[in-house]
Amino acid sequence: MTKQRVAVILGGRSGEHEVSVRSGRSVLAALDPERWTAVPVGIARRGAWLDPMETQRLLDAGHASFGSDDGLQTNGRGALLSTGALAALESCAAAFPLVHGTYGEDGSLQGLLEMLGIPYAGCGVAASAIGMDKALMKALFREAGIRMPLYCVIRSWEYALNQMEVLRLIEDRLAYPCFVKPANGGSSVGVTRAASREDLPDAFKAAFAYDDKAVVEAAVIGGREVECSVLGNEHPQASVVGEIVPDREFYDYDSKYSAASSTRLDIPADLPLDTAEEVRELALRMYRVMGCEGYARVDFFVTADGVLANEINTIPGFTSISMYPKLWEASGLDYSDLLSHILELAFERHARRSAR
Ligand SMILES: Nc1ncnc2c1ncn2[C@@H]1O[C@H](COP(=O)(O)OP(=O)(O)O)[C@@H](O)[C@H]1O
Ligand SMILES: [Mg+2]
């Protein structure tokens with residue numbers, strides 16, 4: 001078999017830059033060297049695209065350098081054409097975007113790859129964009145009759161104009177505790193649990209720091225957080241179900257990524273068989289409703305009176321110890337084979353669409 005070059009795109013402009021670099025490191029190390037030649041393509045924090053050598057510096061640098069684009073040429077506008085990044089991309093047969101959050105997971109990077117005609121791993125433009133916007137995603141799930149916690153969507157200008165009315169709306173529809181989240185976000189960045197009215201101003205401030213649109217959601221009390229990995233284009237498969245057991249009130253950024261976190265991933269989740277089956281079926285249904293392709297992780301709350309949908313992540317954390325690959329490993333597909341499979345799905349979609 002001839003080896004094919006794969007651009008592993010990592011870093012990026014969102015609050016999840018660092019997480020993406022970690023996912024990228026893991027994927028670069030695990031891509032089957034018999035099948036793929038990995039070409040790292042980094043995007044610095046302020047948007048500069050890096051050529052493979054600069055990217056290697058980003059990968060080698062560790063934590064300290066994540067915060068700046070020091071020494072990198074950037075015009076603040078992405079700077080794709082000013083570096084060797086485009087040449088690196090175009091030299092590849094496929095791309096594996098691992099950029100979480102805005103400008104990566106939200107359809108913009110997928111759109112660029114569409115324009116370049118490069119097959120790429122994971123969801124297409126529309127599913128990526130919807131998956132990144134919790135308000136759009138929930139509207140789609142509601143339309144499909146998928147059960148979720150009660151929620152409402154608040155714009156920053158509505159809040160600024162009439163704070164009291166927003167508070168009343170929340171108290172009428174949802175009550176406390178509730179979660180306030182930026183509609184476009186991930187890794188729990190900007191997510192706050194508000195226990196009472198007093199907590200709302202700071203909660204909105206945190207959410208509006210990331211987006212003009214916030215989703216406010218009734219807290220699921222005593223629910224268990226479970227996740228399911230889905231893989232495939234036209235015939236997606238669901239993995240075993242895993243459970244997140246956070247070491248604090250909720251699964252916030254630190255409990256996700258800090259070395260000091262003692263949050264546990266239970267794989268498979270200790271659930272009654274029929275509940276696990278319900279989660280897997282619901283995961284496939286949500287994947288289809290959103291038009292996902294390639295792969296995605298689907299997250300739920302399991303409560304005493306049923307399973308509630310939380311969200312779909314179209315570029316979930318992808319280190320070798322992240323939930324997405326771990327669930328496949330427990331389902332009999334190891335990390336390296338999973339990566340090859342996702343790339344095969346990218347080629348399959350590209351060939352199918354090109355044939356039209
Ligand atoms: N309605 C809710 N009830 C209980 N916990 C919630 C709720 N919404 C969010 N959380 C907690 O906050 C975390 C992050 O929220 P989530 O909607 O998954 O945002 P993100 O996209 O940042 O992961 C969840 O993993 C969960 O621990
Ligand atoms: Mg989440």
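Me: Before anything else, what does buried mean here?
Reply: Buried means under 20% relative accessible area, taken with a 1.4 Å probe and protein chains only. The structure is a predicted model.

Me: Take Thr 319, then. Buried or exposed, and why?
Reply: Thr 319 is buried, because its relative accessible area is 15% and the cut-off is under 20%.

Me: Where is Thr 319 placed?
Reply: In the loop between S12 and helix H12, which covers 323-330.

Me: Which side chain does Thr 319 make a polar contact with?
Reply: That of Ser 322; the polar contact between the two side chains is 2.7 Å.

Me: On to ligand 1. How many residues surround it, and which are closest?
Reply: The ligand has 18 residues around it, and the closest are Lys 134, Lys 181, Ser 188, Val 220 and Glu 225.

Me: Which backbone atoms lie by the nitrogen atoms of ligand 1, and how far off?
Reply: For Val 220, a backbone N or O atom is 2.7 Å from a nitrogen atom of the ligand. For Ala 218, the distance from a backbone N or O atom to a ligand nitrogen is 3.0 Å.

Me: And what about an oxygen atom of ligand 1?
Reply: A polar backbone atom of Ser 188 is 2.5 Å from an oxygen atom of the ligand.

Me: How much of ligand 1 does the protein bury?
Reply: The protein buries 96% of the 550 Å² that ligand 1 exposes when taken alone.

Me: Which elements give two or more residues to the shell?
Reply: Three strands do: S5 (178-182), S7 (213-218) and S12 (306-313).

Me: Change of topic. How many disulfides are there?
Reply: Zero, from a search of the whole structure. Cys 152 is in no disulfide, and the nearest cysteine sulfur to its own belongs to Cys 178, 8.1 Å away.

Me: Now the rings. How many aromatic pairs does the structure hold?
Reply: Eleven. One of them is Phe 179 with Phe 250: the ring centres are 5.1 Å apart and the planes are at 85°, so the pair is edge-to-face.

Me: What does that pair tie together?
Reply: Phe 179 lies in strand S5 and Phe 250 in the loop between strand S9 (237-245) and helix H10 (253-257), so the pair ties together parts that are 71 residues apart in sequence. Both residues are buried.

Me: What about Phe 318 and Tyr 324?
Reply: That aromatic pair is tilted, with 5.5 Å centre to centre and 45° between the planes. Phe 318 and Tyr 324 are buried.

Me: Which residues do ring pairs link into a cluster?
Reply: Phe 96, Tyr 295, Phe 318, Tyr 324 and Tyr 335.

Technical notes. Residues are numbered from 1 along each chain as its sequence is written. Chains are lettered from A and ligands numbered from 1 in the order in which they are written. This is a predicted model: local features need pLDDT of at least 70, side-chain atom pairs count only at pLDDT 80 or more; totals for chains, interfaces and linings use all residues. Side-chain values use heavy atoms; hydrogens and water are left out. A residue is near a molecule or strand if one of its heavy atoms lies within 4 Å of it. A polar contact is a pair of N or O atoms within 3.5 Å; within protein, one must be able to donate a hydrogen and the other to accept it, and residues adjacent in sequence count only if both atoms are side-chain atoms. Accessible areas come from the Shrake-Rupley method with a 1.4 Å probe; for residues, only the protein chains shown count as cover. Helices (H or I, at least four residues) and strands (E, at least two) are DSSP runs, numbered from the N terminus. A disulfide is a pair of cysteine sulfur atoms within 2.5 Å. Rings of Phe, Tyr and Trp (its six-membered ring) pair if their centres lie within 6.5 Å; planes under 30 degrees apart count as stacked, over 60 as edge-to-face and the rest as tilted. Buried means under 20% relative accessible area, exposed over 50%, partly exposed in between (1.4 Å probe, protein chains only).
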